[in-house]
Amino acid sequence: MTSRTLTLLLAVCLAETAHAAPPIFEGFDDGPADWVWADLNCGGPYLNPISTGPVDWAAVGGVPDGFISAPDPSSNCYAFRAPASFLGDLSAYRGGSLTFSVYSTLDNYNLERSVLLVGANGTTLAGVIPMPDLNAWSVRSVTLAPASFRLNNQAGPAASAAQLDAVLAEVAALYIPAEFGSIVAETVFLDNVLLRTACVVDLAPPFGVLNFFDVAEFLSLFNAASPVADIAAPFNTLNFFDVAAYIQRYNEGCP
């Protein structure tokens with residue numbers, strides 16, 4: 001192998017590693033982890049909430065164990081606001097997904113059912129999700145791709161690739177919707193918030209490289225019943241299908 005070939009291969013590996021990133025996960029098993037509720041203007045703008053407040057936390061009853069919740073605080077539109085660990089430069093997660101488990105006591109208002117990514121300049125991308133199941137935990141997910149988002153709010157025009165790239169480069173706020181009731185009466189529960197790249201099998205450092213450490217980490221997560229290992233339907237359940245999906249995707253490799 002020539003030194004030029006070696007240099008090129010090293011450059012490719014470094015580029016892949018630079019675009020890789022670990023999963024960011026919060027299961028609320030130890031507390032609310034700096035999440036808050038935020039009262040927002042319906043329809044936006046969303047960068048600066050009207051008010052914020054502490055969420056409620058329970059140690060059991062989630063999927064599994066701990067979860068957070070918040071009752072509707074007003075006739076405005078409220079959401080759960082993510083802490084700093086889910087903000088900043090999220091470019092490496094483009095093409096990946098934001099997944100979470102949600103539970104609502106009302107389901108008759110669907111005009112604010114969007115994950116909101118707000119850029120540092122206030123540009124907002126709204127990723128519409130299906131309404132949550134009523135009085136039951138359900139998994140909802142948004143793929144971090146242009147086709148998933150509308151500009152400004154969920155009634156806005158389709159977002160462009162350039163707009164998604166600009167927002168992901170500097171995410172100033174991330175909101176998970178909670179306004180699912182037409183009256184000030186619902187309480188919404190949140191658990192298992194997971195942000196990951198399109199390469200769901202890349203679980204351990206060095207990120208950007210698939211090897212034994214990724215397999216070992218998956219087995220550890222699976223044995224611990226971690227939602228991070230939940231990569232195949234039926235979701236909220238760890239079983240053989242997750243193992244089979246991991247093996248298949250590992251063998252296919254990542255782009």
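**Exercise 1.** How many disulfides does the structure hold? Find them in this predicted model.

*Solution.* Start with the idea: a disulfide is a covalent bond between the sulfur atoms of two cysteines. Now look for such pairs, and you'll find two disulfides. One joins C42 to C77, with an S to S distance of 2.0 Å. The other joins C199 to C254, at 1.8 Å. Next, number the bonded cysteines in sequence order, and the pairing reads 1-2, 3-4.

**Exercise 2.** Which parts of the chain does the C42 and C77 pair link, and how far apart are they?

*Solution.* Take C42: this residue sits in the loop between β2 (36-40) and β3 (51-54). Its partner C77 is in strand β6 (residues 77-81), so you're looking at distant parts of the chain, 35 residues apart.

**Exercise 3.** Is C199 buried or exposed, and what about C254?

*Solution.* Buried means under 20% relative accessible area. C199 comes in at 13%, so count C199 as buried. C254 has 33%, so C254 is partly exposed. As for the bond between them, its torsion is about 70°, so this disulfide is right-handed. C199 lies in the loop between β13 (187-196) and α3 (212-223), and C254 in the segment after α4 (240-252), so the pair ties together parts 55 residues apart in sequence.

**Exercise 4.** Where is S69, and which residues does S69 touch beyond four places away in sequence?

*Solution.* First find strand β5 (residues 67-71), which holds S69. With a relative accessible area of 9%, S69 is buried. Finally, list the contacts: V55, D56, F80, T187, V188 and F189.

Definitions and conventions:
Residues are numbered from 1 along each chain as its sequence is written. This is a predicted model: local features need pLDDT of at least 70, side-chain atom pairs count only at pLDDT 80 or more; totals for chains, interfaces and linings use all residues. Side-chain values use heavy atoms; hydrogens and water are left out. Helices (H or I, at least four residues) and strands (E, at least two) are DSSP runs, numbered from the N terminus. Buried means under 20% relative accessible area, exposed over 50%, partly exposed in between (1.4 Å probe, protein chains only). Contact means heavy atoms within 4.5 Å. A disulfide is a pair of cysteine sulfur atoms within 2.5 Å.
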